[in-house]
Amino acid sequence: MDCSVLYGIGGGALPKDILSNQALAERFHLETSDEWIVTRTGIQQRYLVAPHEHTSDLAIQAAKMALLNASLDPEDLDFILLATSTPDHRFPPTAVLVQEAIGAKKALSFDMNAACSGFLFAVSMADSYLRGQNKRFALIIGADTLSRMIDWSDRTTAVLFGDGAGAILLKREACREPKRGLLHTCTFFSRGYEHLYISENHNTCAIKMDGREVFRQAVSGLEKITRQLMLETHISTEDIHWIIPHQANKRILETVAHKLNIPFSKILYTGDQHANTSAASIPLALWEGWKKGLLKEGQLVVLQAFGAGFTGGASLLRL
Ligand code: UT7
């Protein structure tokens, strides 16, 4: 039997423009405060792309770093899957721009959009592709520039999002004991697309969100799916070294951790620094975890995602 294991420590990319809560309020004349944003969301700052920068620029940077960190030749890549809801163009897929920029000549490359759940689903799909097609290496990227989709006069959404990209490499290899890599994934859908969507009118896009309803559904969905994952993989909360969740709101993560009886110290939280970077938030947190020496080979990690749709899931990985 074959497993898809993480190959190297991945990579990440953030734009140069760092904006504190205070600076954000001043730049966009928002009636808000650092105190409100930190207390209600945990967010302290976010990174925003410059007018000339696109999702592909961040994705390419993160991809190059992942390849460099793993000393992998891009020509060895069989598959590039880019999770994003902010592609550079409607077509071609932004993954193709990444493919060309990094020189991955033989990789099948395309995008998938599952909003903030995109990266978790992409990892699961890449695992199936590698094992099903007998391929060796996949590059999975989560990259988003949601700052392009914000109505900067709407304080209820403008304070929540940031831009970024994260990338990982998966390698198919024969399983050894204990099994490593992606061990299991559970997914869910709960209806409610009207509570979180991007409205498009005359070429202007804006995120529309009923924050309270999204919060409520995120908490119940994440709790339920994590319990299901633990049940199906016969693990307990004590077996888990880290939970690496999609980083939307610290209070969501605290509430879910409390309900699951997991100490918050086991949650790899980066939302304070990056804000909500949508499909990029999980791979960015993974990358930070490796860089800071928090993640170690052999550890059991749960990825958790929840996004517009609503869709979500939880995956169990052994590093
Ligand atoms: O990745 C996709 C998933 N997205 C999420 O998971 C987001 C989920 N939702 C949330 O994170 C939270 O619901 C928010 C952070 C969006 C809002 O926090 P909340 O505690 O649910 O606040 P609220 O919507 O109940 O609003 C409370 C008050 C309101 O004023 P009134 O009606 O009580 O006078 C809002 O108008 O806070 C006001 N408010 C603000 N005040 C200062 C809303 N946004 C702001 C703001 N600054 N930026």
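Reply: Start with the link between Cys3 and Cys175, which is right-handed, with 105 degrees about the S-S bond. It ties together distant parts of the chain, 172 residues apart: Cys3 sits in strand β1 (residues 2-6), while Cys175 is in the loop between β8 (163-174) and β9 (181-189). Helices and strands here are DSSP runs (H or I, at least four residues, for helices; E, at least two, for strands), numbered from the N terminus.

A word on the ground rules: this is a predicted model, so local features need pLDDT of at least 70 and side-chain atom pairs count only at pLDDT 80 or more, while totals for chains, interfaces and linings use all residues. Residues are numbered from 1 along each chain as its sequence is written, and side-chain values use heavy atoms, with hydrogens and water left out.

Back to the sulfurs. The S to S distance between Cys3 and Cys175 is 1.7 Å, so the pair passes the cut-off for a disulfide, two cysteine sulfur atoms within 2.5 Å. A search of the whole structure turns up 1 disulfide.

How covered are the cysteines? Cys3 counts as buried because its relative accessibility is 7%, whereas Cys175, at 22%, is partly exposed. The cut-offs are under 20% relative accessible area for buried, over 50% for exposed and partly exposed in between, using a 1.4 Å probe and protein chains only. Cys116 is buried too, at 10%. Cys186 is in no disulfide: its nearest cysteine sulfur belongs to Cys3 and is 17 Å away. With 3% relative accessibility, Cys186 is also buried.

Now the ligand. Its shell has 22 residues, and the closest are Thr32, Arg40, Arg212, Asn249 and Asn276; a residue is in when one of its heavy atoms lies within 4 Å. Three of those side chains have listed polar contacts (N or O pairs within 3.5 Å; within protein, one atom must be able to donate a hydrogen and the other to accept it, and sequence neighbours count only if both atoms are side-chain atoms). Thr32 puts a side-chain N or O atom 2.6 Å from a ligand nitrogen. On its own the ligand has 960 Å² of accessible area, and the protein covers 75% of that (Shrake-Rupley method, 1.4 Å probe; for residues, only the protein chains shown count as cover).

Which elements build the shell? Those giving two or more residues are α2 (34-41), α6 (155-158), α7 (211-233) and α8 (250-260). The largest share, 4 residues, comes from α7. By class, the shell has 10 nonpolar, 7 polar and 5 charged residues.

Last stop, the aromatics. There are 7 aromatic pairs. One of them, Phe264 with Tyr269, is tilted, at 6.1 Å centre to centre and 55 degrees between the planes. Rings of Phe, Tyr and Trp (its six-membered ring) pair if their centres lie within 6.5 Å; planes under 30 degrees apart are stacked, over 60 edge-to-face and the rest tilted. Phe264 is partly exposed at 26%, whereas Tyr269 is buried at 17%. Elsewhere, Phe79, Phe110 and Tyr129 make up one aromatic cluster.

Methods
Nonpolar A, V, L, I, M, F, W, Y, C, P; charged D, E, K, R; others polar.
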